[in-house]
Amino acid sequence: MKSLADQAIVWQDNHLVLLDQRKLPKDVQYIHCQNVNDVIHAIKNMVVRGAPAIGVTAAYGVVLAARVRYQESKSNWQQDIEQDLSELLCARPTAVNLRWAIEKMRQEIVKSGSEDPENTLLTVAKKIHHEDVQANKTLGDLGANLLSKGSAVLTHCNAGALATGGYGTALGVIRSAYAENKITAIYADETRPWFQGTRLTAWELLQDSIPVTLICDSAAASLMRQKKLAWVIVGADRVASNGDVANKIGTYSLAVMAREHGVNFMVAAPSSTIDMHMRSGDDIEIEERAHNEVTHVQNESISPEQVQVWNPVFDITPAEYVSALVTEKGVVKLPNRSKIEDLMKSK
Ligand code: MRU
């Protein structure tokens with residue numbers, strides 16, 4: 001049977017149902033999206049988060065947009081829907097999977113004739129969803145092949161089923177390696193300020209009876225020094241064509257610490273996360289979010305009122321820190337531009 005995390009995005013009774021990730025692990029609640037504005041709101045407000053999950057959600061959002069636009073004008077809906085597509089695209093700036101999925105849907109919109117497009121677009125959205133899960137299973141197994149028996153691993157943020165169509169990227173590798181009995185310990189850091197590690201990764205693994213140890217973000221260096229960590233395994237929001245990686249804030253510091261301590265650093269992501277239009281990480285837009293994500297915990301202020309805040313929610317890890325980039329198309333060790341170009345050309 002599928003776990004709750006594997007059913008975080010479901011098309012049901014002609015609309016989109018999302019597990020509300022803001023409420024986990026305390027409450028398991030669902031948000032029902034009946035139109036594209038509900039979907040945009042859900043992405044902006046982190047009901048759903050994680051690069052591939054945002055892409056899958058947006059694809060279903062396009063189906064809901066097309067339903068309304070086609071009802072409004074059978075002759076002009078393909079032009080009118082562009083407004084919805086650009087609003088969807090702006091919902092979050094860093095994860096490239098959002099643009100990737102919208103482009104896939106747009107290709108289908110352009111091909112559509114005067115027939116009602118809903119069924120065709122829904123088939124494409126379901127395919128994007130299904131293929132993401134398959135990609136994660138494939139890259140999960142490829143990543144697990146890199147681990148030796150007896151490995152302790154650390155993951156950051158949540159790159160699990162909740163952050164994807166299902167199974168997960170970094171957690172996909174960890175799931176596969178755990179099933180192969182290769183893992184001695186899994187550490188999740190809390191991932192300030194939004195606590196994806198505490199609230200989501202710990203919950204998701206325990207739901208599947210996979211033991212996990214939670215650490216403060218600031219304990220990572222000591223963990224590397226004392227606990228013989230073998231790998232740091234993270235996901236990605238966007239990988240530039242030279243191999244630089246945008247991921248949750250704090251990823252860069254883990255990569256620097258990993259190098260210092262001789263720990264391997266793996267980035268696990270589907271090829272839809274690789275953006276060949278970005279020459280380097282410097283070109284990637286880093287989202288900054290509301291100050292109260294830092295000053296407050298669960299709506300409770302923990303800071304002086306007048307304090308200034310800087311809240312970038314992603315950072316760039318230069319390619320030189322990455323031991324292996326693991327995708328469903330294959331593994332790239334010590335990624336660079338030419339290796340990534342070869343990977344993207346492969347089937
Ligand atoms: O702000 P979030 O929670 O959307 O950030 C998510 C991450 O940074 C994940 O590590 C990334 O999207 C990879 S998810 C498979």
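Colleague: How many of the seven residues of strand β5 are buried?
Modeller: This model is predicted: local features need pLDDT of at least 70, side-chain atom pairs count only at pLDDT 80 or more, and totals for chains, interfaces and linings use all residues. Numbering starts from 1 along each chain as its sequence is written, and side-chain values use heavy atoms, with hydrogens and water left out. Buried means under 20% relative accessible area, exposed over 50%, partly exposed in between (1.4 Å probe, protein chains only). Strand β5 (residues 183-189) is mostly covered, and its buried residues number six.

Colleague: Which residue of β5 is the bridge partner of Thr155?
Modeller: Strands are DSSP runs of E, at least two residues, and helices are runs of H or I, at least four, numbered from the N terminus. Two strands pair if DSSP finds at least two bridges between them. Strand β4 (residues 151-155) runs parallel to β5, with five bridges. In β5, the partner of Thr155 is Ala188.

Colleague: Which helix does the chain pass through from β4 to β5?
Modeller: This β-α-β crossover is right-handed. That term applies if, with the strands pointing away from the viewer, the path from the first strand over the helix to the second runs clockwise. The helix, residues 170-179, is α6.

Colleague: Which residue in β6 stands opposite Tyr187?
Modeller: Strand β6 (residues 213-215) is parallel to β5, joined by three bridges. With helix α7 (residues 196-207), β5 and β6 make a right-handed β-α-β unit. Opposite Tyr187 stands Thr213.

Colleague: How far is a polar backbone atom of Ala51 from an oxygen atom of the ligand?
Modeller: A polar contact is a pair of N or O atoms within 3.5 Å. Arg92 makes one through its side chain, at 2.8 Å from a ligand oxygen. Asp237 also places a polar side-chain atom 2.8 Å from a ligand oxygen. For the Ala51 backbone atom, the distance is 2.8 Å.

Colleague: How much of the ligand's accessible area does the protein cover?
Modeller: The ligand is surrounded by 18 residues, with Arg49 and Lys248 among the closest. Here a residue counts if one of its heavy atoms lies within 4 Å. Areas come from the Shrake-Rupley method with a 1.4 Å probe. Of the 410 Å² that the ligand has on its own, the protein covers 100%.

Conventions:
A polar contact is a pair of N or O atoms within 3.5 Å; within protein, one must be able to donate a hydrogen and the other to accept it, and residues adjacent in sequence count only if both atoms are side-chain atoms.
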